[in-house]
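Biologist: I have a structure open and would like to go through it. Can you take my questions one at a time?

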Amino acid sequence: MAQSPFLIKNGTGRAVRRGFADKIVVLDRARRRGIAVPDALILGDEAWRFAQHHELILWRDAAILPRNVEEFITALGIFHGMTELASRVAVRPLFVRDSEHEIQQPTMISKLRVDRRDPQALATAICAVWAAAAPLSPAVRRDVLLMTMVDAQHAGIAVSEPAFEDDMVNFTAGSGEQL
């Protein structure tokens, strides 16, 4: 089975060298140090550029869609490394600006509980995450995290800003879609 040039396994130390977003670098380091981190792959920005160049995707209104699902999956080699992931994955953006600062934009979306064995569902989820970056500069890296889905008992978001004395934490039962 050939290895996809677009997929990077989390926990190999390659996240730092490739210039990925800080959050995946932290997960990569944690996994290498033996901390329990779900299995994950990073679909590199090169996949986005390849898909555009080879016309594997098309724009329809504000959405990006795979032109042909089988060609999209095969050309990017997405299934080659995904067998080690659980059947349900989270598809999340790892977008980074040229200056290597992560993008903090409320329009970024994640697709949860995507069946990695379903080519249509997987291709559509990846394209939806890419589409969220449409209004951003072309200089933005559009890396995508493909991570084994862990159904959480509780989820939360912590916000800390230097200009404010107090931090803010929101939490909820479940995996946090309502946050």
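Modeller: One term to start with: rings of Phe, Tyr and Trp (its six-membered ring) pair if their centres lie within 6.5 Å; planes under 30 degrees apart count as stacked, over 60 as edge-to-face and the rest as tilted. Ring pairs of this kind link Trp-48, Phe-72 and Trp-130 into a cluster.

Biologist: Before that, what sort of model is this?

Modeller: This is a predicted model, where local features need pLDDT of at least 70, side-chain atom pairs count only at pLDDT 80 or more, and totals for chains, interfaces and linings use all residues. Residues are numbered from 1 along each chain as its sequence is written, and side-chain values use heavy atoms, with hydrogens and water left out.

Biologist: What is the mean pLDDT of the protein chain?

Modeller: The mean is 83, and 85% of the residues reach 70 or more. pLDDT is the predictor's confidence in each residue, from 0 to 100.

Biologist: Which elements have the lowest and highest mean pLDDT?

Modeller: Strand 8 (residues 154–159) has the lowest, at 71, and helix 5 (residues 119–131) the highest, at 95. Helices (H or I, at least four residues) and strands (E, at least two) are DSSP runs, numbered from the N terminus.

Biologist: Back to the rings. How many aromatic pairs are there in the whole structure?

Modeller: The search finds 3. One of them is the tilted pair of Phe-6 and Phe-50, with 5.2 Å centre to centre and 50 degrees between the planes. Phe-6 lies in the segment before strand 1 (7–9) and Phe-50 in helix 3 (residues 45–53), so this pair ties together parts 44 residues apart in sequence.

Biologist: And how do Trp-48 and Trp-130 pair?

Modeller: Trp-48 and Trp-130 are edge-to-face, 5.2 Å centre to centre, with 65 degrees between the planes. Trp-48 is in helix 3 and Trp-130 in helix 5, so the parts tied together are 82 residues apart in sequence.

Biologist: Is Trp-130 buried or exposed?

Modeller: Trp-130 is buried, with a relative accessible area of 0%; Trp-48 is buried too, at 7%. Buried means under 20% relative accessible area, exposed over 50%, partly exposed in between (1.4 Å probe, protein chains only).

Biologist: New topic. At what angle do helix 4 and helix 5 pack?

Modeller: Helix 4 (residues 69–76) and helix 5 pack at about 75 degrees, with their axes 9 Å apart. Axes are lines fitted to C-alpha atoms, for helices over the stretch in contact, and angles run from 0 to 180 degrees between N-to-C directions.
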